[in-house]
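Please read it with the coordinates open.

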Amino acid sequence: MELFASQLLNGLALGSLCGLFGIGFGLVFATLGILNAAQGCYASWAAIIGLAAAEKMGAPFPLIMLAGMGGAAAVAVAVDQLGFQPLRTRGADMLGALITSIAFWMILDSLAGFATGQQSLSFPSTSYPGQMLLTEPVPLPAMQLITIAVLVAVAVGMHLLMTRSSVGSAIRAVGWNPVAAALGGVNSRSIILLTAALSGAISGLAGTLGGVLTSNVSFTLGQGLLLKGFAAVVVGGYSDVRGTAIAGVILGILEVFVGQYISTALRDAFTYSLLLVFLLVKPQGLFGKGSLVRA
Amino acid sequence: MDYLSDLWATNRSTVAFAMVNSLFALSTYVVLAAGFLSFSTVVFAAVGGFVGAQLVVKGVGLPFVFGAAAGGGLLISLLVAAVFLRLNSHWMALASLALVLITRVVTLNAPALTGGVNGLGVPLALPMDWLTGVLVLTVLAFYALHHSWFGVASRVLREDPSVAACMGVDLRQIQLIAFGISGIVGGIGGAAYAMLLQFISPDTFFLGIAFTMIAATVLGGSYHWFGPVVGAVVYTALPIVMQAFLPHLLQEVANGVVLLLIMIFLPRGLIDPRAVRLRRAAPAAAGVMKIRA
């Protein structure tokens with residue numbers, strides 16, 4: 001029973017990471033129409049920048065998180081303006097954006113490998129709250145609780161932002177049709193910048209937390225998050241933040257339980273098969289409206 | 001003469017890799033030319049690669065190895081097409097990406113067929129004349145296809161599916177044929193790749209190769225069959241050329257930058273039939289202007 005409970009917690013924390021990353025990934029996909037293969041690199045770079053802040057400046061934990069988020073947001077905006085903006089002005093399709101993002105993936109990943117010396121680094125144990133909040137009846141590390149809480153906060157915040165605020169309406173309007181949004185008085189250029197920065201910051205938050213939680217700061221961190229986050233976005237329905245968060249958590253729990261009780265080899269198979277089934281049977285996802293124009 | 005043979009000796013494997021990458025790029029191109037972005041060539045290549053490797057281990061002759069790889073690729077491509085063609089193009093891209101992820105898990109967990117984590121050694125180096133022959137045949141087939149009913153129909157389909165349907169083009173049929181061709185060429189490419197590397201593992205046919213294929217195709221230009229061949233050659237040769245100028249660590253970065261620059265400045269790729277036509281039309285148009293003036 002104790003094993004079950006602690007694995008449930010592990011799954012929750014892992015799933016929260018995937019969900020959090022997925023929210024950032026899905027934001028760009030749903031509003032800017034870009035399937036961004038470079039999104040995982042934002043997470044890797046956030047972790048690297050956070051680690052630098054911890055090691056070089058001895059920053060406290062909240063500042064490390066902020067440094068990671070800010071760094072990832074800056075990278076995301078730079079990628080958007082250097083790579084995606086020229087395509088946007090030309091009216092290129094999704095394929096062009098995907099290839100461009102692959103180019104950025106190659107660039108940012110190899111630079112990340114360069115930055116970590118092709119190794120997997122980990123945060124110094126003094127830089128984050130490493131203590132256990134509980135040991136009985138189940139061990140509860142503080143970092144797991146923080147990760148779960150962050151997901152809940154970001155998911156609720158983003159959902160409210162997207163559905164209840166004028167900025168959210170503007171983001172959705174630009175995603176639907178930038179020209180019509182501009183006619184409606186929305187400055188699409190700044191909204192696109194804001195969306196890119198927001199998505200980078202959220203993915204960066206997932207990356208920094210993931211770097212601490214899994215003790216893995218390298219380019220592989222972003223790749224893992226990208227694949228699982230992609231699954232969470234599709235299963236949850238990418239037009240809905242709540243769906244992504246819930247799907248991420250479910251996938252995380254399933255993955256840990258399949259690994260624990262069925263077979264470690266089948267962990268990934270299960271996640272990806274679920275992803276494929278959803279794409280084929282219910283492409284709008286668990287919570288999606290399916291109202292998007294499917295060209 | 002010595003210089004030439006030295007040059008050949010040092011670049012022989014680059015040429016071979018460029019040829020195999022051309023096969024992969026052509027396989028990606030034929031589906032892209034029918035309007036779908038699909039990563040499933042990796043899956044066809046994996047099937048062809050492992051089928052080919054198993055047959056080589058059993059000592060089967062090369063014609064049968066390539067035949068079986070092509071057959072395996074065709075079979076799996078028709079299966080994929082039957083399931084995936086219900087999807088629209090965005091979802092097709094995502095679903096095929098998911099399929100690539102699953103392929104790796106499947107190959108990892110079927111050690112009897114694929115060697116699992118340890119991979120599979122292939123005890124036969126691919127003779128260069130065989131590879132050249134296969135590529136020449138494939139290119140000839142693509143040349144014939146380009147000028148065939150299928151080629152015209154798929155170009156119309158890509159530009160505007162509604163117009164194509166109005167002209168009496170059966171969309172499903174064209175897409176199914178495109179996938180079938182992609183499967184055959186991808187399977188053959190996979191077998192050739194296995195014999196070229198002489199070792200394949202689940203990681204051989206994963207995201208890296210998927211992105212290489214797409215990048216090479218788009219780099220060369222996806223509007224004419226010659227584009228993917230040029231793209232594959234450039235994409236394979238680029239790192240070798242870079243070696244002379246850049247430290248090893250920066251090569252991958254430079255590859256990405258080149259790809260990025262091409263996407264920004266040459267979005268239709270290096271080989272673009274439309275640009276050629278426009279250039280040809282330009283003097284004529286200028287003449288018209290002169291007469292009017």
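The points below take the chains in turn, then a helix pair, then the interface.

1. Basis. This is a predicted model, in which local features need pLDDT of at least 70, side-chain atom pairs count only at pLDDT 80 or more, and totals for chains, interfaces and linings use all residues. Residues are numbered from 1 along each chain as its sequence is written, while chains are lettered from A and ligands numbered from 1 in the order in which they are written.

2. Chain A, elements. Chain A has eleven helices and two strands. Helices (H or I, at least four residues) and strands (E, at least two) are DSSP runs, numbered from the N terminus. The order from the N terminus is α-α-α-α-β-β-α-α-α-α-α-α-α. The radius of gyration of chain A is 19 Å, close to the 19 Å that the globule rule gives for 295 residues, so chain A is as compact as a globular protein of that length. The radius is taken over C-alpha atoms, and the rule is 2.2 Å times the number of residues to the power 0.38.

3. Chain A, extent and burial. The C-alpha trace of chain A spans about 60 × 45 × 35 Å along its principal axes. Of its 295 residues, 52% count as buried (20 or more other C-beta atoms within 10 Å of the residue's own, with C-beta atoms placed from the backbone).

4. Chain B. Here the secondary structure comes to 13 helices and two strands. The C-alpha atoms of chain B fill a box of roughly 75 × 50 × 35 Å along the principal axes. For chain B, 46% of the 293 residues count as buried.

5. Helix pair in chain A. The axes of α1(A) (residues 2-32) and α6(A) (residues 166-176) come within 7 Å and cross at roughly 55 degrees. That makes α1(A) oblique to α6(A). The contact is made by A:Ala30, A:Thr31 and A:Leu32 of α1(A) and by A:Ile171, A:Arg172, A:Val174 and A:Gly175 of α6(A). These divide into four nonpolar, two polar and one charged.

6. Interface. How many residues does each chain give to the contact? Chain B gives 32 residues and chain A gives 32 residues. On the chain B side, α4 (89-108), α10 (207-220) and α12 (248-265) each supply at least two residues. The largest share, twelve residues, comes from α4(B).

Note on methods: Axes are lines fitted to C-alpha atoms, for helices over the stretch in contact, and angles run from 0 to 180 degrees between N-to-C directions. Angles under 35 degrees count as roughly parallel, over 145 as roughly antiparallel, 65 to 115 as roughly perpendicular and the rest as oblique. Two residues are in contact if their C-beta atoms, placed from the backbone, lie within 7 Å. Ala, Val, Leu, Ile, Met, Phe, Trp, Tyr, Cys and Pro count as nonpolar, Asp, Glu, Lys and Arg as charged, and the others, Gly among them, as polar. A residue is buried if 20 or more other C-beta atoms lie within 10 Å of its own, exposed if 12 or fewer, and partly exposed in between; C-beta atoms are placed from the backbone.
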